[in-house]
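Here are a few notes to go with your first look at this one. Keep the viewer open and follow along point by point.

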Amino acid sequence: MIKMVRIDERLVHGQVAMIWSKHLGIDRIIVVNDKAASDPILTSTLKMAAPSSVKVIVLSKEKAKVLLADPRMKELQSLIVVNSPEDALFVVENAKEVSKVNIGNYGKASGSKEAKTKLNDNVLLDDKDKENLKKIIELGFVTQYQLVPDQSITDLSKVL
């Protein structure tokens, strides 16, 4: 079961690896990112960031599409991590079950020159990002901002 899809431009780091993995009770972090999947050093770095109790898998979108459609995914307790709303939309369109979509850190590091709207101190969205998040919401997925589990939740369907 996919317990959560997390949009975080840093992919796997302390908040994701330690706090969210423990809170969600997961045994897998699946990173869906073409760049990371094609870079062995980045892949190794992402795997090292996770606790030993959690297996990290780094996949291209092409390979992730196969895994997400596999019925055995229901047996895994997974957190899917992507670094953009576009990739989150890809995941929800290709996965069998997703409990929710969470955005935590996004928009500060990306080099887009398009004007961005500040949702809060941790999330900056351009028009394409907003479009992709709205599509996820229209598909019926709970979509929210929450940096860490003990922080209040912002329902994105109410602020977009």
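How many salt bridges does a search of the whole structure find? The count is nine, and some of them come up again below. One thing to keep in mind throughout is that this is a predicted model.

1. Seven strands make it up, and they line up in the order 3-2-4-1-5-8-9. The sheet is open, and its pairing is mixed. At the edges you'll find strand 3 (55-59) and strand 9 (154-155). Each of these two has a single partner strand, so one of its sides has no neighbour in the sheet.

2. Now look at strand 5, residues 101-105. Is it enclosed or open to the outside? Five of its five residues are buried, so the rest of the structure largely encloses this strand.

3. With strand 1 (residues 2-8) the pairing is parallel and runs over four bridges. Strand 8 (residues 143-145) also runs parallel to strand 5, and three bridges join the two.

4. Which residue of strand 8 is its bridge partner? That would be Tyr-145. Ile-103 is also the strand 5 bridge partner of Ile-7.

5. The crossing is right-handed. On the helix 4 side the contact is made by Lys-61, Ala-64, Lys-65, Leu-68 and Ala-69. Helix 5 brings in Glu-86, Asp-87, Phe-90, Val-91 and Asn-94. By type, the residues of this contact split into five nonpolar, four charged and one polar.

6. Two of those contact residues are worth a zoom: what joins the side chains of Asp-87 and Lys-61? They meet in a salt bridge, at 3.0 Å from N to O. Asp-87 sits in helix 5 and Lys-61 in helix 4, so the pair ties together parts that are 26 residues apart in sequence. Asp-87 counts as buried because its relative accessible area is 8%, under the 20% cut-off.

7. Another salt bridge brings together the side chains of Asp-70 and Arg-72, at 2.6 Å from N to O.

8. Last stop: Arg-28 and Asp-27, whose side chains meet in a salt bridge at 3.8 Å from N to O. Buried, exposed or in between for Arg-28? With 22% relative accessibility, Arg-28 counts as partly exposed. Asp-27 is partly exposed too, at 26%.

Key: Residues are numbered from 1 along each chain as its sequence is written. This is a predicted model: local features need pLDDT of at least 70, side-chain atom pairs count only at pLDDT 80 or more; totals for chains, interfaces and linings use all residues. Side-chain values use heavy atoms; hydrogens and water are left out. Buried means under 20% relative accessible area, exposed over 50%, partly exposed in between (1.4 Å probe, protein chains only). Two strands pair if DSSP finds at least two bridges between them. A crossing is left-handed if the near helix is turned anticlockwise from the far one by less than a right angle, and right-handed if clockwise. Contact means heavy atoms within 4.5 Å. Ala, Val, Leu, Ile, Met, Phe, Trp, Tyr, Cys and Pro count as nonpolar, Asp, Glu, Lys and Arg as charged, and the others, Gly among them, as polar. A salt bridge is a side-chain nitrogen of Lys or Arg within 4 Å of a carboxyl oxygen of Asp or Glu.
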